[in-house]
Amino acid sequence: MDELLSAFEERLAEVNSYIDFLWMVENGTRNGPPRIEGCSVPISAVQQKILYSGIFLQLYNLVESTMTLCIESVANATYRDGQWLPGDLVDSLRKEWVRSMARTHIDLSSQNRLDYAIRMCQHLVESLPVAEFSIEKGGGGNWDDNAIEEIAERLGFKIRAKQSAYRGIKQPFRDELGPLALVKSLRNKLAHGAISFSESVGGLTVQRLQELTEKLVNYMREVIRCFSEFILSHQYLVPTKRPA
């Protein structure tokens, strides 16, 4: 779906712009400590690493925003046209609909649980089409390639990435972690104060940060393709209900 890829590319443009800025900073070190024009004090090595560390936050933001939009797009497809009944959905999506309607994933009082159950029963008795609902995406702070593959399987399909993209995201990049797993780990450590911004960069150069970005981006484009194919081919519906 074009809107998924367009949203991804829009956020990616910000990441690429930031990397371009980091290249300017790093290239400036060839003539000594880099400095901002008009500023008498140069950028220190620690400040330079702090600037570099921002890429981890931006990349994780790119991943989480993409997954949120992909998952929302699956839910939207089931009710967008107002013609599909709960029974038209494949088991995996019907479970998500029930989870949302009956609030089975939330602690409720006995009365509230009964109210939600009655609402769902009424929906089924009256043979109403699937109305707007949300899929519990989970993830929150924990999106890596394994989590992405798990949510896809929960929705009823597999992430089948090109071999080069799959290999790039699975091979260790640093600290025995693949690119996406590393970004998730560093982002979480920064968010919880377990590591400083300068420490998170370690010895990574802008060249390595760009390589990290490219491997992550290649995989995420494959994720978007798989979600788009799932939606466009109506795989969220039982085979007998899929449009020809």
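## Helix 3 and its buried side

Within helix 3, the residues Ser-92, Leu-93, Glu-96, Trp-97, Ser-100, Met-101 and Ala-102 are buried, where buried means under 20% relative accessible area, exposed means over 50%, and partly exposed covers what lies in between (1.4 Å probe, protein chains only). Helices, like strands, are DSSP runs numbered from the N terminus, a helix being H or I with at least four residues and a strand being E with at least two. The model is predicted, so local features need pLDDT of at least 70 and side-chain atom pairs count only at pLDDT 80 or more, while totals for chains, interfaces and linings use all residues. Residues are numbered from 1 along each chain as its sequence is written, and side-chain values use heavy atoms, with hydrogens and water left out.

Helix 3 is made of 12 residues and spans 16 Å from its first C-alpha to its last, close to the expected 16 Å at 1.5 Å a residue; the expected span of a helix is 1.5 Å times one less than its number of residues. After helix 3 comes Arg-103, which has a positive phi near 55°.

Ser-92 belongs to helix 3 and counts as buried because its relative accessibility is 14%. Leaving aside residues up to four places away in sequence, Ser-92 touches Arg-154, Leu-155 and Gly-156, a contact being heavy atoms within 4.5 Å. The side chain of Ser-92 also reaches the backbone oxygen of Leu-155 at 2.8 Å. Such a polar contact is a pair of N or O atoms within 3.5 Å; within protein, one must be able to donate a hydrogen and the other to accept it, and residues adjacent in sequence count only if both atoms are side-chain atoms.

## Helix 5 and what covers it

Helix 5 (residues 145-155) has as its buried residues Asp-145, Ala-147, Ile-148, Glu-149, Ile-151, Ala-152 and Leu-155. The cover over these buried residues includes helix 2, helix 3 (91-102), helix 6 (163-170), helix 7 (179-191) and helix 9 (206-232).

At the start of helix 5, a side-chain oxygen of Asp-144 comes to within 3.1 Å of the backbone nitrogen of Asn-146. Just after helix 5, Gly-156 has a positive phi of about 115°.

## Salt bridges

Across the whole structure, a search finds 14 salt bridges, each being a side-chain nitrogen of Lys or Arg within 4 Å of a carboxyl oxygen of Asp or Glu. One of them joins the side chains of Glu-9 and Arg-221, at 2.9 Å from N to O. Because Glu-9 lies in helix 1 (residues 2-28) and Arg-221 in helix 9, the pair ties together parts that are 212 residues apart in sequence. Glu-9 is partly exposed, with a relative accessible area of 30%, and Arg-221 is partly exposed as well, with 32%.

Asp-144 forms a salt bridge with Lys-184, with 3.1 Å between the closest N and O atoms. This pair links distant parts of the chain, since Asp-144 is in the loop between helix 4 (110-125) and helix 5, whereas Lys-184 is in helix 7, 40 residues apart. Asp-144 is buried, with a relative accessible area of 10%, and Lys-184 counts as buried at 18% relative accessibility.

A further salt bridge is formed by Arg-225 and Glu-222, whose closest N and O atoms are 2.8 Å apart. Both residues lie in helix 9, 3 residues apart, which is about one turn of the helix. Arg-225 is partly exposed, with a relative accessible area of 28%, while Glu-222 counts as buried at 7%. Elsewhere, salt bridges that share partners join Glu-96, Arg-99 and Arg-154 into one network.

## A nonpolar patch on the surface

Val-46, Ile-50, Leu-57 and Phe-197 form a nonpolar patch on the surface, with about 330 Å² of accessible area together. Patches are made of residues with over 30% relative accessible area and no salt bridge, with like charges joined within 9 Å and nonpolar side chains (Val, Leu, Ile, Met, Phe, Trp, Tyr) within 5 Å. The accessible areas come from the Shrake-Rupley method with a 1.4 Å probe, and for residues only the protein chains shown count as cover.

Helix 2 (residues 45-79) gives the most to this patch, with 3 residues. Leu-57 is in helix 2 and counts as partly exposed at 37% relative accessibility. Ile-50 is found in helix 2 too, and Ile-50 counts as partly exposed at 41%. Not counting residues up to four places away in sequence, Ile-50 touches Phe-197 and Ser-198.
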